[in-house]
Amino acid sequence: VDALLGEVDVIHEGQVAMSAAKGKEEPGEMGLEMEENEGCAPRKYYEYLHSLNDKQREAACSDVAVPLMIVAGPGSGKTSTMVGRVLTLLKEGIPPSNILAMTFTTAAASEMRDRIGAVVGKAVAKEIIISTFHSFCLQLCRTHAEKLGRTSEFIIYGHGQQRRAIIEAERLLEHGKSDGLGDAVKQYDGDIKHSFKDKAKKWLKFVTQAKSSGQAPEEYEKKGDLTGASILRHYNEILVSCNALDYHDFINSSITLLTKFPEVYKECQNTWQAIVVDEFQDTSAMQYFLLKLLASHNHITIVGDDDQSIFSFNGADVSGFDSFRRDFPNHKEIRLNKNYRSTRAIVEAATALIHNNTKRCNHKLAETDNPSGSKITVKECHSEDSQCAFVIDKIIETTSSSAEGRDFGKIAVLYRRQITGKAFQVSFRNRKIPFNVHGVAFYRKKAIKAIMAILRTTLPGCDDGPWRQALKTLLPGDKEEKKKIIDHVEKISLARKCSFISAATDIFSAKVSGTFKRTQITQGRKVLSTLYSLSKFVEREQSVSAVISSAGNMLPQQYLLEKRAVIDNDGGKLLNEDNDIRSVLQFLMDDVSDFLSTHFSSSGDANQTEEKGCTATLKAFIDYISLRETENFRSRKEENKNSITLTTIHQSKGLEWDVVFIVQANDSEIPLLHEYNGTVKEAGCTLEEERRLFYVAMTRARKKLYILHVTVDSHRQLLPPSRFLREIPGHLLDIQGEGAATKYHEQPSGDISFDHAEGETSTEKPIVNQNETSPYPELMQSCLANDFLKRFEIDDRAVVSHIFHHWAKRQAFQIPKRLLDKIKFVIDERLRGKGYKRKV
């Protein structure tokens, strides 16, 4: 959150600089030729409109006084239409500084500004305010901070500060104190009851949900939740007394300014004469309410696709389209259904899939003029290793046959969770296939950098950098408090001309300090003691993996997780895998295994290793990772142009490639099922969002789409294919591998075809050669295991898989058919013995 807020401030400062500079621009800098017979409209404007298709042009040129909803499907030219809409607003005489365009990423804002600038000139494009919701609201709040009870220099509370405020609100509730709030927080010494700390996470979650939904304390009082109302009221009062806002306050406070201060509302109405919103499906309920206030003049254009709403864990509300239709009854709705990106087969398959969602507009039917292309290849792989091997073979086959040479940049591998991509990184690296990991590189994440710093402190001759990072990681408290401590240690270190760790040891060894509180001295001493204990552990432990696990477990949860690893959604819980401790440690363990097996030999240092545990091995591993990541970072920009993209489906939103592999398409991955209770509801919103996620993944492909699933995971547990595969028409699939063609197609509903009118169904059957022999006959047996597992309900499959895993270890049952027979016998015996009535 802190990093995002920093980015928000940068954007805001850039916009202020642009506004200050606009008065210095000469009007003649547009340098555009004018069409004499078309008044003052630039020729390039009409040339641009001519490049659009009929629907796009209709949307771009629609009456600016009428609210406009543009429903743009994948590959339908959404950005081109939005640019045309902004050009029309300019042509209608709306000054560029009075146009507000809302986007969700800085990349989207940059692209829009560049494309507008190519038509009307860079000077005009710079004057248009293209902003994210939170940066816009932050600017509004700072401008009118006094009306919110703050100064314009108010601070922004991060997670640590929010938690402290929550604990103080609990304390005030417990003791009935309501005065002197500011002093109470500023003088808070952290020495409070453990019960407050234990409940802080729960109440922080409560406050976050309340603010996200715009709930006030009075509303909770009406519901009878007096405790929740008091906590929320105390928390808000603490923020006011400390001249602070938190992240959720940006939207809520902006709404307060617009609803309670008529002069602010009038100023915004006069300033923002036209509003354009990109990715409308990603807006939250409160963001939509803000838009409704700003757009009371009806000069609003929203662009989005409810079928691509995949960020509900960030507050996105897919029902915003229905709200817009209700709140702007005179709106005009234009649908961009023509897909310019994908082949006919891919478009038809994706359309058939998404038609299974009930909470959507049923009359949307995509179309395309693109050729049919090849069928979607669905490949059943025995294991994760065979899945990697198949992908590599197809990549080599595709790039070798390309007339343009070996162009890896047009290929992507998509997966539901980041942990799935690790095997592909290792395989690609071994086969010398260039690749890039979209998003933040693993070893550049804060949690991993912290673990690596802790590990470096255990090595002889460690410099100040790792000690500083480790101390920053392990010390309790918020960001400002940690910075104050570390700055003081550095100051003492410079004054004494000694190392950082020597100064820290002297400071935290003191019984009394005039600079720090007693609790801070005690906490610092505990951190140093923990790091020294880890150093001793390295000297006697032979396993590097055990050391890394110990270092990972030292990290405080709030530092390791940028957000909660488990998030609530639709009454159930989802795993935010990017911040899961198990995934982080698994990545490291995989790299350790790869290093020990291929890059390290301990024969020369056997005696040293025996004397000092795994010190030498750990140093060699850290040096290896440092060198590898440095080389990767230097060459990443050049290699990315001709390298395969590895990314999660969420991160692939808005991108496209010629060839796409969707891997690990199992029911345990998409829809995501895991050990947390209530994960996916068959008829719930969560399952529909998982289907939308699969839809987004499919529509990233331009020419060829592969969907792969495995029958057995790394723990030899049996995995069924994704239920979504059964929803794709069989005549569009080329099913390969171990399964029969009818495996996915006991279809409950008809197939959607372009050749049929809306509401009709296709009766075409899957085109598969039933007599074709599988190139992997040994994998046919594993398919029997998969079919056997499907006889049980999902809740029971874990038990069956455990039995399978237990007997599979035995030498006598290495033959799959014999193993399945034994499992059937064991389950049969258990059912008879316990009177279990479930059908087998």
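**Note on buried rings, cores and strands**

1. Phe724 is buried, with a relative accessible area of 0%. The model is predicted, and every value below is computed from it. The ring partner of Phe724 is Phe694, and the pair is tilted. The centres are 5.9 Å apart, with 35° between the planes. An angle under 30 degrees would count as stacked and one over 60 as edge-to-face, so 35° falls in the tilted class. Phe694 lies in helix 30 (residues 685-698), while Phe724 lies in the loop between strand 16 (701-710) and strand 17 (733-736). The pair therefore ties together parts that are 30 residues apart in sequence. Phe694 is also buried, at a relative accessible area of 0%.

2. How many aromatic pairs does the model hold? The count comes to 15. One of them joins Phe280 and Phe324. This pair is edge-to-face, at 6.3 Å centre to centre and 70° between the planes. Phe280 sits in the loop between strand 6 (274-277) and helix 15 (285-294). Phe324 belongs to helix 16 (residues 320-327).

3. Two rings carry a charged group over the face. Arg142 lies over Phe154, at 4.3 Å from the ring centre. Lys704 places its charged end over the ring of Tyr706, 5.0 Å from the centre.

4. Next, the nonpolar cores. The largest has 46 residues. Those with the most contacts inside it are Ile454, Leu455, Phe508, Leu531, Ile548 and Leu618. Eight elements need checking here: helix 20 (446-456), helix 21 (464-474), helix 22 (479-496), helix 23 (500-509), helix 24 (518-540), helix 25 (544-554), helix 27 (581-598) and helix 29 (615-640) each give two or more residues to this core. Helix 24 gives the most, with seven residues. In soluble globular proteins, nonpolar side chains tend to be buried together.

5. Which residues does Phe508 touch, beyond those up to four places away in sequence? The list is Leu471, Ile485, Gln520, Ile521, Gly524, Arg525 and Leu528. A second, separate core has 40 residues, including Val71, Ile129, Leu148 and Ile255.

6. Strand 1 (residues 68-72) is largely enclosed by the rest of the structure, because five of its five residues are buried. Leu68, Ile70 and Ala72 point one way from the strand. Met69 and Val71 point the other way. In a regular strand the side chains alternate between the two faces of the sheet.

7. What pairs with strand 1, and in which sense? Strand 7 (residues 300-304) does, in the parallel sense, over four bridges. Strand 8 (residues 332-336) also runs parallel to strand 1, joined to it by five bridges. Met69 stands opposite Ile302 in strand 7. Met69 also stands opposite Glu333 in strand 8.

8. Is Lys211 buried or exposed? Lys211 is buried, because its relative accessible area is 5% and the cut-off for buried is under 20%. This lysine lies in helix 10 (residues 194-212). Its side chain makes a polar contact with the side chain of Asn236, at 3.3 Å. Leaving aside neighbours within four places in sequence, Lys211 is in contact with Tyr235, Asn236, Leu239, Asp246, His248, Asp249, Asn252 and Met286.

9. Helix 7 (residues 133-143) is mostly covered, with eight of its eleven residues buried. These are Phe133, His134, Ser135, Phe136, Cys137, Leu138, Leu140 and Cys141.

10. Last, a contact across the chain. Ile310 is found in the loop between strand 7 and helix 16. Ile310 is buried, with a relative accessible area of 0%. Beyond neighbours within four places in sequence, Ile310 is in contact with His650, Lys653, Glu689, Arg692, Leu693 and Val696.

Methods: Residues numbered from 1 in each chain as written. Predicted model: local features only at pLDDT ≥ 70, side-chain atom pairs only at ≥ 80, totals over all residues. Heavy atoms only, no water. Core = buried A, V, L, I, M, F, W, Y, C linked by side-chain atoms within 4.5 Å. Buried < 20%, exposed > 50% of the residue type's maximum accessible area, 1.4 Å probe, protein only. Contact = heavy atoms within 4.5 Å. Phe/Tyr/Trp six-rings, centres within 6.5 Å; stacked < 30°, edge-to-face > 60°. Lys NZ or Arg CZ within 6 Å of the ring centre and 35° of its normal. Polar contact = N/O pair within 3.5 Å; in protein donor to acceptor, adjacent residues only side chain to side chain. Pairing = 2+ DSSP bridges.
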